Each structure stands twice: as structure tokens, then as C-alpha cells.
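This report walks through a single protein chain and its ligand. Please have the sequence and the model open side by side.

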Amino acid sequence: MNHPDIDFEDEYDLHIEGEFISPEGGEYQPAVDPATGGPFTSVAVGTPADIDRAVSVARTAAAQWRDVPAAERGRLVHRVGELIDSHAEELAAIESKDQGKPLSQARSDVAGAQRYFEYYAGAADKLEGRSVPAGPDQVDFTVREPYGVSAQVTPWNFPGNLFARGVAPALVAGNAVVVKPAPQTALSTLSLAELCTEAGLPDGVVNVVTGPGDSTGEALVSHPDVDTITFTGSVDTGQRIMKEAAETVTPVTLELGGKNPAIVFPDADLDAVADHITTAIFTNAGQVCSAADRLLVHETVHDELLDRIVAIAERYDIGPGWSDPDLGPLVSEAHFHRVREYIESGRNEGATLLTGGEAPERPGYFVEPTVFTDVTPAMRIAQEEIFGPVLSVFRFTEEQEAIELANGVDYGLTAGVFTNNLARAHRLTRTLEAGTVYVNTWFGDTTQTPFGGYKQSGIGREKGLEALDSYLQTKNIAIGLEDETDSLPGA
Ligand code: NDP
């Protein structure tokens, strides 16, 4: 089965200094269609020498890019957004084939990528410093300067969208980037890098080196000429990257996923909650860092709400991304086994399976929408990020019990409260340990809103104006006003 209208190349090269070039070692690895399990093209394996070249090119380009007038930088970055818009259908088809997600979700990711470039373009000429009132003898002010070379390691769940999320703010701040996408899903990143060149960004400002994390990725994050690192992925890999970065004292921005609680009180609109929660856990087959993967329901409405959620889940159609189903496959065979192992552990540890739990009899990496209830905090499905279409449901009686359950994990990315009691909603937004708290909604349009984790969910913020802080460092300039001529003889 093929996506309509896309002729994939046999091989995809690295994108360095505005050109596609073969990897130094001449090696390529297959890209697999998650809906069939079959390879459909292959992608270059970048070597440490390729990383070296990309970083060196980026360093030279960064020195010139920072001096391009801010308004012009903004214009060029905006132009990337326009080109994404004019290539939107093609980009969505590539993403859907490569990653597996339903076409309409891929379209939404591409629209989000366009929006990042447009949003940050407008900030390019507003990155102002401050004047500091240091007294009559000193003029003191700050300027915000780019770091230089931004290394970005991106994951496979929203490849093109997360490229835009990190690259657009890095560029408007005056940095050059070297991006290492996840090997399973590199194609949209390569297309976007090509569009950056087409938009007129100087060669070398955006570079992409594909390849595995433990070789290509490691060579990038440990490179001594990288000035700042942005990573999205697992806690384990984030910790490993932090240790590498410590060697060169390189700052890191880490977005490391979540185990996000949605708390439902009896006064909530249960039909609306069921819609929000099914979207929040089954979008992109649950491979979403901000998915609502833990549902905490007041015992008095548990059965009523779960009836609604199970009914929706059982209506989902499952299929390859191009057919635009409700649920596509998981991204890879390895991840398929990981998610199935979590489902097995839920069964073995005593959770009640309400629906799903199986892999449909068909090729590819499909897993049914799955709902467990009677989950307790000691279970693995209560604590660990599954990153699949698996909802873990808990019952609670008292508000305090819900808060303790919600905060009782190592993660703290997002959380949600469903209630019509305003005072309760405010109380919970204060007590929930998460970088984002939703009230009577989930996801939403978030380009402008800062996003990042409490606790082990990460360091720093993506999205919104706060993301720019990851790509700018502050320089303080102090000018003494004491006039030395005052002390000269005869002055
Ligand atoms: P990883 O965190 O291992 O991978 C994310 C990216 O980092 C990939 O491009 C990976 O390449 C790369 N990488 C791995 N090791 C290194 C390294 N030492 N230096 C630099 N880059 C490296 O996630 P996985 O793909 O293994 O998925 C495992 C789990 O991580 C998922 O089940 C999910 O729970 C979580 N995850 C969270 C995401 C989020 O949005 N927060 C996104 C993706 C995963 P490679 O694949 O070749 O190892």
C-alpha cells in the first residue's frame, strides 16, 4: 500500500550547507512503513566526520547569520512558513507514510510547523535587552546574543512539527542549527531543511545529519563546538545527553515526556470529558508526550464515564495513515513490542481490561485502543510512560487523594482537571505538579503557550516566547562615565 502522489527516492542523503550529500561512510539504513512493516526507502547514516563537517559549517554560518538585520532574519523565517503552506499536502503525505499517523493528523502537524515559523518570525526584531539603572557613574544595559551552534535531537512522534518547534526560534535568535532526527522518521525533516534553503536562508544555517542516536546523535551532542542542545525524547536518553553536555558545560533544553493525569469530578460534563480524553490518549496512537494517559475518576461517575469512553474506543477504525483512520500503527516494531509488553504487565499486575489489548491480525504495528481500570499506583502502567494507545484509569473519593495520585509519579509535563467548580479548579491548578494544567480541555492550540516539564519531564521551555530563552544568552554591558580628563592636569 502506498500513499498517493509521493514518489519516494531510493536513498535520502544528509543536508549540509544547503546541499544533499552522501554520508562519509556510504552507509544507508532502511525506512520502514509502520503500516506494513516493509521498507520503502533508505536514509543516510551520518558518521562522526559528517557531524564534524555539519558543526563546522554551522559555526561559520552562525557568525554571519547573527549579523543579518533582525527584520530580514524574520522575513526569511516567515518565508519558510509560506513554503511549508504551499507544500502542505506533500509534507503531510510524507509524514503519514513515514511515521504512520492518520493523514488528517499529519496535516495538522504540518499546519503547526508552518505556524511556528510564522510566529517566531514576528519575534525576530523584538529581542530587546534592558537598561539597568546602575547609578550616575555607569551606563548599564543588556543585549541578548545567540549562542552560535544549536544541536537539536528530535524524536519520531512529531518529526516535522518538532523540527519547526526547535529550529524556528533558534533561527530568529541568530543561531545556526544541526538537527539529528530520529532514524525511523527522517524524511519530513529533510524536506523541511530543503524548504529552508529554498526560502533563502544562507547555506549552512540549517543542516540535517541523519543516523542512529548512539552513534550519530552522540557525536553531535558531545561535539565541543556545539553551543546549546535541544532534545526531546526519553528520560534515559535525556540524562545521557546531560552527562555528555556536562563535559563541555553546554546548556540543555530537555523535553522528556510525561505520565499525565486527567482528574474528573462528578460535576463535569461527562460527554465532553469522554471526547477530550479519547482524543487526548488515542491521537497519534498515544505517542504523544502530553497524552492524558492516566485518568483519575471520582468513584460516583466512574462507570458512567468509562461506558462512554469504551463506546468511543470501540468505534475507532484502525488502518494505514493514508486511509485517514481514527488510529494508525505504532512507529516501529521495537515500539510495538514495548507497548504490548506494557499491556501484558497491566494484565499480570491485576488491572481490569475494559477494551482492546490486542494487536489486530494484519501486517504492520497496530495495537487496539486499550482501556484498563482498577489501576493502582504500584503498577508499571501507573508509573511508566507507555507511549501507546493505552489508558490507565484510577478511582478516587476525596480531592486530596486525587492530588496525591496525580503528583505521585516522577514526571510532571501536563495535567488536567474536569470540573465546573471554579474554586476547585483554581485550587488544583496550584497544587498539580506540571508545566501545563488544562481545565475542561486538553491539547488546544499551543504554539504561543510555553511548554515543558516539572520534575523529570525536563528542563527549560519550548513554544511561546519563553522558548527563545533557550537560544539567547544575556550579555551585560557596563560603561563607566567617570571622565578621566577630569583628573588630568589643567583639565
Ligand atoms: P529516545 O529518547 O532514546 O530517542 C529520541 C531520539 O534521541 C532519537 O533520535 C534517538 O535516536 C536519539 N538518541 C538516542 N540516544 C542518543 C544519544 N546518546 N545521543 C543523542 N541522541 C540519542 O527514545 P526512543 O525512541 O528509544 O523511545 C523510547 C521511549 O522514549 C518512548 O517509549 C517514549 O516513552 C519516550 N519518548 C518520548 C518522547 C517525547 O515526546 N517526550 C518522544 C520519543 C520517545 P535512536 O532512535 O537511533 O536511538
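Strand 1 and strand 5 (residues 38-44) run parallel and are joined by 2 bridges. Strands here are DSSP runs of E with at least two residues, helices are runs of H or I with at least four residues, and both are numbered from the N terminus. Two strands count as paired if DSSP finds at least two bridges between them. E11 stands opposite S42 in strand 5.

These strands belong to an open sheet of 3 strands in the order 1-5-4, with mixed pairing. Strand 1 (11-12) and strand 4 (28-33) each have a single partner strand and stand at the edges, so one side of each has no neighbour in the sheet.

## Basis of the model

The model is predicted: local features need pLDDT of at least 70, side-chain atom pairs count only at pLDDT 80 or more, and totals for chains, interfaces and linings use all residues. Residues are numbered from 1 along each chain as its sequence is written, and side-chain values use heavy atoms, with hydrogens and water left out.

## Two domains

The domain assignment, which is automatic or from a database, gives domain 1 (11-256) and domain 2 (261-439). Their centres, taken over C-alpha atoms, are separated by 31 Å. Contact (heavy atoms within 4.5 Å) takes 21 residues from domain 1 and 26 residues from domain 2.

Strand 13 covers residues 261-264. P261 and I263 point one way from this strand, A262 and V264 point the other way, and all are buried. Buried means under 20% relative accessible area, exposed means over 50%, and partly exposed lies in between (1.4 Å probe, protein chains only). Strand 13 pairs with strand 14 (residues 294-298) in the parallel sense over 4 bridges. V264 stands opposite V297 in strand 14.

## Helix 7

Helix 7 spans residues 213-221, and its buried residues are T216, G217, A219, L220 and V221. What do the buried residues of helix 7 pack against? Their partners are helix 1 (48-65), strand 8 (149-153), strand 9 (176-180), strand 11 (228-232) and helix 8 (235-248).

## The ligand site

There are 29 residues around the ligand, and W156, G213, S234, T237 and E385 come nearest. A residue is near a molecule if one of its heavy atoms lies within 4 Å of it.

Polar contacts are pairs of N or O atoms within 3.5 Å; within protein, one must be able to donate a hydrogen and the other to accept it, and residues adjacent in sequence count only if both atoms are side-chain atoms. A polar side-chain atom of T237 is 2.8 Å from an oxygen atom of the ligand. For N157, a side-chain N or O atom is 3.2 Å from a ligand oxygen atom. E255 places a polar side-chain atom 3.4 Å from a nitrogen atom of the ligand. Taken alone, the ligand exposes 850 Å², and the protein buries 88% of that. These areas come from the Shrake-Rupley method with a 1.4 Å probe; for residues, only the protein chains shown count as cover.

## Loop residues

S323 lies in the loop between helix 10 (302-315) and helix 11 (333-348). S323 is partly exposed, at 37% relative accessibility. Its side chain reaches the backbone oxygen of P320 at 2.8 Å.

D374 lies in the loop between strand 16 (370-373) and helix 12 (380-383). Phi of D374 is near 55 degrees, a positive value in a residue other than glycine. D374 is partly exposed, with a relative accessible area of 30%. F443, in the loop between strand 19 (436-439) and strand 20 (458-459), has a positive phi near 65 degrees.
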